[in-house]
Amino acid sequence: MANEDYLSLYGGEALIEFIIMTSAITDEEIKKWTEANSKKKPEQQSTTSPAELRAMCDHILSLMTTTIPSMVDALWPYLLEPLTKPRFTSAMAVVAKCIAHISEVKRQSKAPNYLIDFTHTTNVNLPKPPQIMARLFVLAHLPFRRGSLAVYLLKTLQHLGPMLHPKISGMWDNTIPRLVDYLEKLVASDSKTEAEVSKWEGLVRRLLTETNKLISDDGWTMEMCDATLEQFPLHENDPGAKKVALKMVGVLLSVINHKEYIKKTLERLFGETNHAVEDDRAGLAQGFGFCGSSHLDIVLEQQSNELKGNAPPPKKEVKSSGGGGFLSGLFGSDKSSTPSKPKPGGGNKIFTLLLAYGYITAYAKPSYVTPRLDIHIINNMNPHLETSDQKLQQTIIQAFDLIAQSV
């Protein structure tokens with residue numbers, strides 16, 4: 001059908017969408033099918049697995065893109081639509097691979113339909129440039145996803161560059177190929193440690209920061225920040241991506257100068273976080289830290305406001321014959337007061353706030369944070385240090401370790 005150009009006719013997009021949806025079969029769905037199929041009698045077992053269907057559709061979409069010239073215009077710019085739709089999330093690698101190929105071919109050939117007018121009515125369903133960049137940058141932080149996802153996302157960014165923003169394509173053409181080369185070598189190696197993941201995240205974060213500095217437009221960066229927040233539902237079943245998105249909002253806020261927007265976004269970010277999930281807590285804490293590297297007083301004010309709503313219950317005043325202080329309260333040797341317990345529904349927020357103080361201190365300039373350490377950080381943490389909750393104790397130790405290393 002593709003060879004005969006039928007997919008360029010009315011209804012062709014529906015078939016393309018079906019292929020992409022089949023490519024979006026998740027590993028969890030494959031696992032459930034395999035377990036259920038193994039329990040059937042041999043004569044009742046299916047011969048074609050979801051994994052095979054997914055691989056076949058990945059292959060079909062790739063072949064359509066690279067070997068059938070007439071399909072290029074059928075897929076362009078339609079393939080940009082699935083980027084921000086949740087049902088296509090698991091097919092992002094093959095979709096990005098196809099977009100990267102088509103956009104590179106059109107860019108190099110100076111095709112008249114390469115540059116897209118995102119405001120034109122015929123392209124109303126396409127995500128806007130800030131939305132595309134928000135989505136692709138979040139997932140590009142994750143180096144070891146199926147189908148070389150981060151590699152193709154970076155290539156997609158590079159070849160979409162001229163239409164995403166006029167100021168960025170020169171820097172991306174110089175930087176992204178080197179990042180792709182580094183990542184391909186990393187993926188091919190046996191070194192897939194947390195340290196390597198952290199290093200890769202740092203490289204993508206640097207690209208994100210330099211990109212927005214080059215754009216140098218608060219309004220544009222605020223749109224990208226809003227898009228990142230609005231795409232949180234896309235990461236509902238992906239804690240790793242949600243953690244990255246939380247951090248990325250903090251990075252974007254660090255290059256924005258609009259104070260009221262920063263305050264409102266920090267408040268919104270705190271509300272969008274699931275404080276019962278460890279990855280969410282860590283992502284928010286680091287996001288606040290990244291924002292605080294440029295806007296320390298605003299972040300500390302937000303921390304203080306949140307802490308007021310999560311204050312511990314008052315302690316019973318009992319005379320003590322022994323010593324006290326932080327260490328004795330932390331490890332439970334101080335018998336002079338009743339240890340505070342996290343409040344139902346609010347306790348997990350305390351975990352986040354205390355951990356955030358650690359990252360805020362770690363990421364801030366020492367000359368800025370040191371004069372504020374006692375009054376605005378340690379003093380605010382003190383009421384929450386006397387606890388018998390072991391997990392909270394671990395969070396406190398982690399926060400103070402970050403503080404100690406930074407000062």
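**Close-ups of a predicted model**

**View 1. Serine 216 sits in a loop between two helices.** In this predicted model, Ser216 turns up in the loop that links helix 9 (194–215) to helix 10 (218–230). Its phi is near 50°, a positive value in a residue other than glycine. Most residues other than glycine have a negative phi. Is Ser216 buried or exposed? Serine 216 counts as exposed because its relative accessible area is 58%, and the cut-off for exposed is over 50%.

**View 2. Lysine 110 is another spot with a positive phi.** Here phi is near 55°, and again the residue is not a glycine. Look for Lys110 in the loop between helix 5 and helix 6 (129–140). Lysine 110 is exposed too, with a relative accessible area of 71%.

**View 3. A cis peptide bond joins tryptophan 76 and proline 77.** Omega for this bond is about 0°. Most peptide bonds are trans. Where does Pro77 sit? Proline 77 belongs to the loop between helix 4 (69–75) and helix 5 (92–108).

**View 4. Three side chains make a nonpolar surface patch.** The trio is Leu53, Met56 and Ile60, and the patch they make covers about 230 Å². Met56 is part of helix 3, which spans residues 50–67.

Conventions: Residues are numbered from 1 along each chain as its sequence is written. This is a predicted model: local features need pLDDT of at least 70, side-chain atom pairs count only at pLDDT 80 or more; totals for chains, interfaces and linings use all residues. Side-chain values use heavy atoms; hydrogens and water are left out. Patches are made of residues with over 30% relative accessible area and no salt bridge: like charges are joined within 9 Å, nonpolar side chains (Val, Leu, Ile, Met, Phe, Trp, Tyr) within 5 Å. Accessible areas come from the Shrake-Rupley method with a 1.4 Å probe; for residues, only the protein chains shown count as cover. A salt bridge is a side-chain nitrogen of Lys or Arg within 4 Å of a carboxyl oxygen of Asp or Glu. Helices (H or I, at least four residues) and strands (E, at least two) are DSSP runs, numbered from the N terminus. Buried means under 20% relative accessible area, exposed over 50%, partly exposed in between (1.4 Å probe, protein chains only).
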